[in-house]
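Look at the sequence and the structure first.

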Amino acid sequence: MNRRALLAAPLALGALSACDRFATAQPAPPSVPPLKSVAPFPIGSAVMSGQLDDPAWVALARQQVNQLTPEWEMKMEYILQSPGRMTFDAPDRIADVCAAEGVRLHGHALIWYSQGEQAFAGLDGRAFAAAFDRYIAEVAGRYRGKLVSWDVVNEPIAEDGNGLRDSHWSRALGDDGYMIRAFEQARLADPDAVLFLNDYNLENNPAKGATFLRTVERLLKAGAPIGGLGTQSHLDIEIPAGQITTLIRELGAFGLPVHVSELDASLRRERRGDFRSRVQRLEQQQARVVELAEAFMSLPARQRFAFTAWGLRDSDSWLRRDGRDDGKDQPLLFDDAGQAKPLTAAVAGVFGRG
Ligand code: G3I
């Protein structure tokens with residue numbers, strides 16, 4: 001039946017409801033080439049070992065990414081979960097899958113202010129330092145030759161950007177001391193890995209970004225073997241245009257590889273009273289994520305380490321698991337069904353400019 005005939009024919013109720021369904025259907029997902037096929041650098045995602053048993057997740061990961069970051073199972077909270085021994089089953093499985101799939105593995109994270117305090121409690125002075133060194137030697141040594149890089153120190157800058165974070169690490173080994181020591185120990189354990197200093201809100205909060213830059217400069221001058229700079233890019237989609245571009249350019253000025261390491265762009269607003277429409281929030285989200293993609297593309301090729309999202313599908317996002325979510329947040333590059341979005345097409349378009 002041709003279109004004229006179709007429109008003239010009396011619509012059966014079923015057909016009408018079918019038309020209704022079409023009328024309310026989501027716009028068809030754009031046809032987007034796999035991100036890893038258009039980007040002139042690795043495309044990454046966070047991964048949890050349980051996702052390796054999800055065929056849909058595996059299919060999407062195989063299609064889209066060529067680098068993975070363990071979301072939590074290569075951290076102290078997992079490895080030191082049992083007193084007196086180290087647990088490696090999940091990170092080992094992730095490393096084995098990366099090797100089998102020919103996918104790069106980025107280690108995350110050796111030393112983080114928010115973990116390890118209980119495991120290192122009761123140790124002071126030399127014993128603390130020895131345990132610190134031993135942990136890094138054990139973990140970074142285990143994955144030597146299996147990964148390309150590490151977040152050696154994660155989130156060292158104070159939340160408000162005013163100086164460094166106080167932690168059990170800094171109290172025991174010094175504000176800069178624990179970071180320098182961590183990088184030196186990681187270098188000894190894995191001479192080939194690119195060693196990253198990684199933090200968040202560097203774009204969202206220019207004061208924090210500035211403190212991070214000053215910290216990098218100071219640690220490099222002190223001889224810390226920092227080999228790369230990670231900006232997590234958990235983007236606040238309401239920040240002014242240009243902040244992202246400025247931060248990425250200033251990171252690039254060190255001449256080191258830059259890793260967009262944990263991209264997500266929540267549509268939620270933590271502050272009260274959000275009168276933005278969904279369309280407005282999606283527009284803000286696309287504007288900021290595209291700005292990040294363009295800024296990253298503007299780096300010299302040798303400094304574009306990888307562009308990593310903190311999960312593949314919206315439903316994989318930690319933001320859906322933090323207890324504050326209404327199940328409607330769409331912070332990532334693929335929807336709950338693993339379909340590309342207009343956001344995906346926009347990012348692919350930027351990366352495809354080669
Ligand atoms: O899967 C287990 C479940 O079996 C168990 O019942 C439950 C309760 O113990 O824990 C579940 O594991 C949780 C895991 O997330 C998966 O949901 C861990 O407890 C929880 O600690 C872990 O949180 C992770 C968090 O870092 C702390 O490691 C998040 O997934 C992860 O997205 C988040 O990632 C951080 C980056 O490392 C650093 N930058 C910020 C980013 C977001 O907070």
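## The largest pocket

The largest pocket has 31 lining residues, and those nearest its centre are Asn201, His234, Asp264, Trp318 and Leu319. Strand E3 (104-112), strand E7 (234-235) and strand E8 (258-265) are the elements that give two or more residues to this lining. Its volume is about 680 Å³. A pocket here is an open set of points on a 1 Å grid over the protein atoms alone, with protein on both sides within 12 Å along at least five of seven lines; lining residues have an atom within 4 Å of a point.

By class, the pocket lining has 15 charged, 8 polar and 8 nonpolar residues. Ala, Val, Leu, Ile, Met, Phe, Trp, Tyr, Cys and Pro count as nonpolar, Asp, Glu, Lys and Arg as charged, and the others, Gly among them, as polar.

## Basis of the model

The model is predicted: local features need pLDDT of at least 70 and side-chain atom pairs count only at pLDDT 80 or more, while totals for chains, interfaces and linings use all residues. Residues are numbered from 1 along each chain as its sequence is written, and side-chain values use heavy atoms, with hydrogens and water left out.

## The cavity

The whole structure holds 1 cavity of 30 Å³ or more (a set of points where a 1.4 Å probe fits but cannot get out). The largest cavity has a volume of about 60 Å³, a volume being the space filled by probe spheres set on the points.

Residues lining the largest cavity include Leu35, Ile43, Gln64, Phe307 and Phe334. Strand E1 (43-47) and strand E9 (304-309) each supply at least two residues of this lining. The lining has 8 nonpolar, 3 polar and no charged residues.

## Two helix pairs

Helix H11 (residues 243-252) packs against helix H12 (residues 278-297) at an angle of about 25°, with axes 9 Å apart. That makes H11 roughly parallel to H12 (angles under 35 degrees count as roughly parallel, over 145 as roughly antiparallel, 65 to 115 as roughly perpendicular and the rest as oblique). In this pair, Gln243, Ile244, Thr245 and Ile248 of H11 make the contact with Arg288, Glu291, Leu292, Ala295 and Phe296 of H12 (contact means heavy atoms within 4.5 Å). This contact has 5 nonpolar, 2 polar and 2 charged residues.

Helix H7 (residues 125-142) and helix H9 (residues 177-189) pack at about 40°, with their axes 9 Å apart. H7 and H9 are therefore oblique to each other. Among the residues in contact are Phe132 and Ile136 of H7 and Tyr178 and Arg181 of H9. By class, the contact of H7 with H9 has 9 nonpolar, 2 polar and 2 charged residues.

Methods. Axes fitted to C-alpha atoms, helices over the stretch in contact; angles between N-to-C directions. Helix = DSSP H or I, 4+ residues; strand = E, 2+ residues; numbered from the N terminus.
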